[in-house]
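I opened my notebook to look up a few things in this structure.

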Amino acid sequence: MAGYKQRIADKLLERKLKGKGAVLIEGPKWCGKTTTAEQVAKSVLYMSDPEDMKANLAVADISPRKLLAGETPRLIDEWQIAPKLWDAIRFEVDHRENYGHFILTGSAVPPRTDEIFHSGTGRFAWLKMRPMSLYESCESTGGISLKALFSGLDSVIAENTLTLDDIAFLICRGGWPGTLGMEKDIALDQANDYYDAVVNSDISRVDGVSRDAERTKRLMRSYARNQGSQATNTVIKEDMRVNDSDTLTEDTIYSYTNALRKIFVIEDMPAWNPNLRSKTAIRTSDTRYFIDPSIAAASLGLGPEDLINDLNTMGLFFETLCVRDLRVYAESLDGNVYHYRDKSGLECDAVIHLRNGKYGLVEIKLGGDGLIDDGAKNLLKLRDKIDTSKMKEPSFLMVLTAVGKYAYKRKDGVFVVPVGVLKD
């Protein structure tokens with residue numbers, strides 16, 4: 001497809017198709033799932049095509065296998081509106097030779113899982129797509145590779161060209177592929193439109209439960225204020241109650257946040273639980289994040305200038321941007337991103353843990369010598385707490401920054417890397 005920008009998910013999809021009969025690509029609307037799948041699909045069924053949707057649903061209910069006929073890999077786009085397709089595809093995979101027969105894409109978890117009778121184990125592979133990282137959108141130079149850091153890279157040097165103003169814009173624009181190439185003010189509008197669609201429609205359509213748009217707005221504003229924290233539903237409820245009724249309950253909060261998870265608007269970060277030298281109690285609560293920082297900015301009605309004028313707030317939004325990128329890069333390395341916090345208050349913003357047991361510790365700071373020093377001290381303190389007789393030493397310690405002319409390695413061994421030079 002003309003103008004298609006390569007995604008890190010491209011190679012992951014190619015690999016998974018070689019080992020499974022079907023691959024499910026999940027992620028938020030407008031993040032590029034269908035376009036990525038179309039690059040390798042030989043035939044396509046668009047389940048939500050308005051002209052054919054009723055007919056597709058009728059056939060899916062009566063004889064779903066008829067929808068699966070076509071050259072492979074066959075893309076079934078927005079499959080979740082007809083959950084019966086899942087078992088039909090599983091059955092078809094069982095009775096075909098070789099691999100790579102189907103690609104499914106979905107921007108929501110199926111509302112009716114009672115129509116699915118098989119987990120798909122052994123037949124399906126899962127791939128989660130998120131909005132573009134800065135490297136994928138060509139805003140990062142890619143001078144420093146996360147893979148190289150895990151491989152024992154000893155020295156680094158790379159020049160960063162992104163300014164604080166650039167970062168503020170990229171936070172508010174987000175990683176939505178459709179915004180690339182737009183005029184800046186038009187690109188910024190897109191996150192606001194996305195937010196409006198979530199609160200007015202998507203949060204209710206996901207499972208057919210009617211939810212109040214104003215209450216959804218209040219919840220998303222509270223989530224944005226609490227991003228990067230382990231705020232409980234109780235904290236969020238009390239934050240919302242300033243402008244909500246006394247009937248607001250934690251069950252309501254759970255219902256709304258669960259719906260936002262099902263449409264991949266929020267993606268909380270689990271806690272990391274390492275082996276430590278001392279018996280330090282580790283906090284196990286998830287950390288609150290949106291899947292893209294632009295949704296948080298839209299939730300609070302903030303633009304780039306607002307962030308520049310309040311750097312403390314910008315630091316929270318920058319953390320969400322970095323977490324998004326680290327998740328994209330980590331997935332390409334067969335890893336996940338976690339958060340660490342213990343009872344003493346020692347925190348680590350991101351722990352990238354690979355399946356092979358390697359891990360790296362990351363602190364996220366806007367920049368400046370004082371903040372970088374603080375981040376490095378935290379990393380070194382956590383490193384010294386880890387019991388390396390029971391687990392590996394960290395592959396690297398990194399302070400990930402918004403600004404700074406160069407990436408470099410400090411005398412204490414901590415890497416300082418602007419996000420504008422990082423890649424997978």
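I began with terms. Two strands pair if DSSP finds at least two bridges between them. Helices (H or I, at least four residues) and strands (E, at least two) are DSSP runs, numbered from the N terminus. The model is predicted: local features need pLDDT of at least 70, side-chain atom pairs count only at pLDDT 80 or more, and totals for chains, interfaces and linings use all residues. Residues are numbered from 1 along each chain as its sequence is written, and side-chain values use heavy atoms, with hydrogens and water left out.

**Entry: the sheet.** I looked up how β11 and β13 are joined. Strand β11 (residues 396-401) runs parallel to strand β13 (residues 415-418), and four bridges join them. I picked out valine 399; its bridge partner in β13 is valine 416. Then I took the whole sheet. It is open, with seven strands in the order β7-β12-β13-β11-β10-β9-β8 and mixed pairing. β7 (158-159) and β8 (335-341) stand at the edges with a single partner strand each, so one side of each has no neighbour in the sheet.

**Entry: two helices.** How do the axes of α11 and α13 cross? I found helix α11 (residues 293-300) and helix α13 (residues 311-332) with axes that come within 8 Å and cross at roughly 150 degrees. Axes here are lines fitted to C-alpha atoms, for helices over the stretch in contact, with angles from 0 to 180 degrees between N-to-C directions. α11 and α13 are therefore roughly antiparallel (angles over 145 degrees). I listed the contact (heavy atoms within 4.5 Å): Pro293, Ala296, Ala297 and Leu300 of α11 meet Phe317, Thr320, Leu321 and Arg324 of α13.

**Entry: aromatic rings.** I searched the whole structure and noted ten aromatic pairs. Rings of Phe, Tyr and Trp (its six-membered ring) pair if their centres lie within 6.5 Å; planes under 30 degrees apart count as stacked, over 60 as edge-to-face and the rest as tilted. Tryptophan 272 and tyrosine 340 have ring centres 6.3 Å apart and planes at 70 degrees, so the pair is edge-to-face. Tryptophan 272 lies in the loop between α10 (250-262) and α11, and tyrosine 340 in strand β8, so the pair ties together parts 68 residues apart in sequence. Are these two buried or exposed? Both tryptophan 272 and tyrosine 340 are buried (under 20% relative accessible area, 1.4 Å probe, protein chains only). Tryptophan 272 and tyrosine 359 have ring centres 5.2 Å apart and planes at 50 degrees, so that pair is tilted. Last, I noted a cluster: ring pairs link Trp79, Trp86, Phe124 and Trp126.

How values were computed:
Parallel < 35°, antiparallel > 145°, perpendicular 65-115°, else oblique. Buried < 20%, exposed > 50% of the residue type's maximum accessible area, 1.4 Å probe, protein only.
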